[in-house]
Amino acid sequence: QVQLVESGGGLVQPGGSLRVSCAASGRIFSINNMDWYRQAPGKERELVASITRSGTTTYADSVKGRFTISRDSDKNTVYLQMNSLRPEDTAVYYCSLGVLTSTLARYNYWGQGTQVTVSS
């Protein structure tokens, strides 16, 4: 059993910054990819940023240069630093982790989501 706990969302003014975190715990052998998705009202869930086990990162064009994904493999935690936030960044943010469990089974786990609202 693996649990993901997200934190760090909230309300911020345009141009502001937030950092969201996602910590995994449980029977984890290793974590491969760590991803952040977001879903705005009435829209499909979209991939925002990814980081591989070796640290290679990719970003959606809409957030390049403003968001930074990072990971602490010792803590099984992934972060998303969001700067220069815009109203269109308002969404529920979800982490998604590719986990190899202690029984060597592979699963993709999702966090519960954290609301990020950018508004004046």
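Visitor: Is Trp110 buried, partly exposed or exposed?
Guide: In this predicted model, local features need pLDDT of at least 70, side-chain atom pairs count only at pLDDT 80 or more, and totals for chains, interfaces and linings use all residues. Residues are numbered from 1 along each chain as its sequence is written, and side-chain values use heavy atoms, with hydrogens and water left out. Buried means under 20% relative accessible area and exposed over 50%, with partly exposed in between (1.4 Å probe, protein chains only). Because its relative accessibility is 38%, Trp110 counts as partly exposed.

Visitor: How are the rings of Tyr37 and Trp110 arranged?
Guide: Rings of Phe, Tyr and Trp (its six-membered ring) pair if their centres lie within 6.5 Å, and planes under 30 degrees apart count as stacked, over 60 as edge-to-face and the rest as tilted. The centres of Tyr37 and Trp110 are 4.9 Å apart and their planes stand at 50 degrees, so the pair is tilted.

Visitor: Which charged residue sits over the ring of Trp110?
Guide: A charge sits over a ring if NZ of Lys or CZ of Arg is within 6 Å of the ring centre and within 35 degrees of the ring normal. Over the face of Tyr94, at 3.8 Å from the ring centre, lies Arg45. Over the ring of Trp110, 4.8 Å from its centre, sits the charged end of Arg45.

Visitor: How many residues has the largest nonpolar core?
Guide: A nonpolar core is a set of buried Ala, Val, Leu, Ile, Met, Phe, Trp, Tyr and Cys residues joined through side-chain atoms within 4.5 Å. Trp36 and Leu97 are among those with the most contacts inside the largest one, and its residues number 31.
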